[in-house]
Amino acid sequence: MLTFNSAKVFILNICLLFLFYSLRQKKIHEEQERERRKQERLEIREERRKEREEQRRDRHLKRRRCEEEERMKLKIDVEERKLLLAKRKLESLHLLAELFNRIKEDKFKEDLKRREKEVECERQRQVEMERKRKLEEEMIKAEVKKRKQEELMCQEKELRDKILKNIKAKEEKKLEQERELLRKKLSGKHKLKSAVVLKK
C-alpha cells in the first residue's frame, strides 16, 4: 500500500514538473515573441526615421546645389565681363600705339584729335558697360533676394493655412459636440414633458 501511494506521489510530481516546465516554456516563448514584435516595431520606426532624414538631407543638398549653381553662374558672368573689359582695354592700347606710330605723318593733329575722340568714346562705352554690369549684378541680387522672400512667404502661407485649417476643424468639432449635447437635452426635455402629459 505504501509503495502504491509512493508511486502515485512520484507520478503526480512528474506531472507537476512537466506542467511547470510546459508553462515556463510557454512563458519564455511568449516573452520571446513580445521581444521580437518590439524589435520589429523599433526597426520599422528606425527605418522611417532614416527615410525622413534622408529626404531632409536630399532637399538640403538640392537647395545647396541650386544656390551653388546660381553663384557659379553669377561668377562666370562677372568673369566674362572682366574678360570683355580687358579685351576692350587692350584694343584701346593698340589704338594708342597706332596713334603714336602716325605722329610723323602730315595729318598728325587731325589724326590725333580723331583718335582722342575714339578713345574717349571707347572710355565712355566702357564706363557705360561697367555701369550696366553693376546694374545687372544688382538686379540679379535683387531677383535672388525676391525669390527667397517669395519662398519664405509661400512657406509662411502654407503654415498659416494649416494652422487655420486645424483651428477650423477643432471649432467645427466643438460646435458639433455642443449641438449633440443640445439635442440630447432637448430630447430629454421632450421625454419628460411627454411623461408629465401621460400622468395627467
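This is a short chat about a predicted model.

User: How much of the chain is buried?
Analyst: Buried residues make up 5% of the 200 residues.

User: And what share of the contacts with a separation of 6 or more joins residues 24 or more positions apart?
Analyst: That share is 57%.

User: Let's go to glutamate 122. Where is it?
Analyst: Glutamate 122 sits in helix α2, which covers residues 108-199.

User: Buried or exposed?
Analyst: Glutamate 122 is buried, because its relative accessible area is 11% and the cut-off for buried is under 20%.

User: What does glutamate 122 touch, leaving out residues up to four places away in sequence?
Analyst: Glutamate 122 touches Arg88 and Ser92.

User: Which side chain makes a polar contact with the one of glutamate 122?
Analyst: That is arginine 125. The polar contact between the two side chains is 2.8 Å.

User: Now arginine 34. Which helix is that in?
Analyst: Arginine 34 is in helix α1. That helix spans residues 2-101.

User: Why is arginine 34 called partly exposed?
Analyst: Its relative accessible area is 41%.

User: Which side chain does the side chain of arginine 34 contact?
Analyst: The side chain of glutamate 31, in a polar contact of 2.4 Å.

User: Switching topic. How many disulfides are there?
Analyst: Zero, from a search of the whole structure.

User: What is a disulfide, anyway?
Analyst: A covalent bond between the sulfur atoms of two cysteines.

User: How accessible is cysteine 121?
Analyst: Cysteine 121 has 42% relative accessibility, so it counts as partly exposed.

User: And cysteine 154?
Analyst: Cysteine 154 is at 40% relative accessibility and also counts as partly exposed.

User: What about pockets? What volume does the largest one have?
Analyst: The largest pocket has a volume of about 480 Å³. It is lined by 14 residues.

User: Which of those are closest to the centre?
Analyst: Arg63, Cys66, Glu67, Lys148 and Glu151 are the closest to the centre of the largest pocket.

User: Which helix gives the largest share of that lining?
Analyst: α1 does, with eight residues. α1 and α2 each supply at least two residues of the lining.

User: How does the lining divide into nonpolar, polar and charged?
Analyst: The lining of the largest pocket has nine charged residues, four nonpolar and one polar.

Conventions: Residues are numbered from 1 along each chain as its sequence is written. This is a predicted model: local features need pLDDT of at least 70, side-chain atom pairs count only at pLDDT 80 or more; totals for chains, interfaces and linings use all residues. Side-chain values use heavy atoms; hydrogens and water are left out. Helices (H or I, at least four residues) and strands (E, at least two) are DSSP runs, numbered from the N terminus. Buried means under 20% relative accessible area, exposed over 50%, partly exposed in between (1.4 Å probe, protein chains only). A polar contact is a pair of N or O atoms within 3.5 Å; within protein, one must be able to donate a hydrogen and the other to accept it, and residues adjacent in sequence count only if both atoms are side-chain atoms. Contact means heavy atoms within 4.5 Å. A disulfide is a pair of cysteine sulfur atoms within 2.5 Å. On a 1 Å grid over the protein atoms alone, a cavity is a set of points where a 1.4 Å probe fits but cannot get out, and a pocket is an open set with protein on both sides within 12 Å along at least five of seven lines; lining residues have an atom within 4 Å of a point. Grid points are joined across faces, edges and corners, and a volume is the space filled by probe spheres set on the points. Ala, Val, Leu, Ile, Met, Phe, Trp, Tyr, Cys and Pro count as nonpolar, Asp, Glu, Lys and Arg as charged, and the others, Gly among them, as polar.
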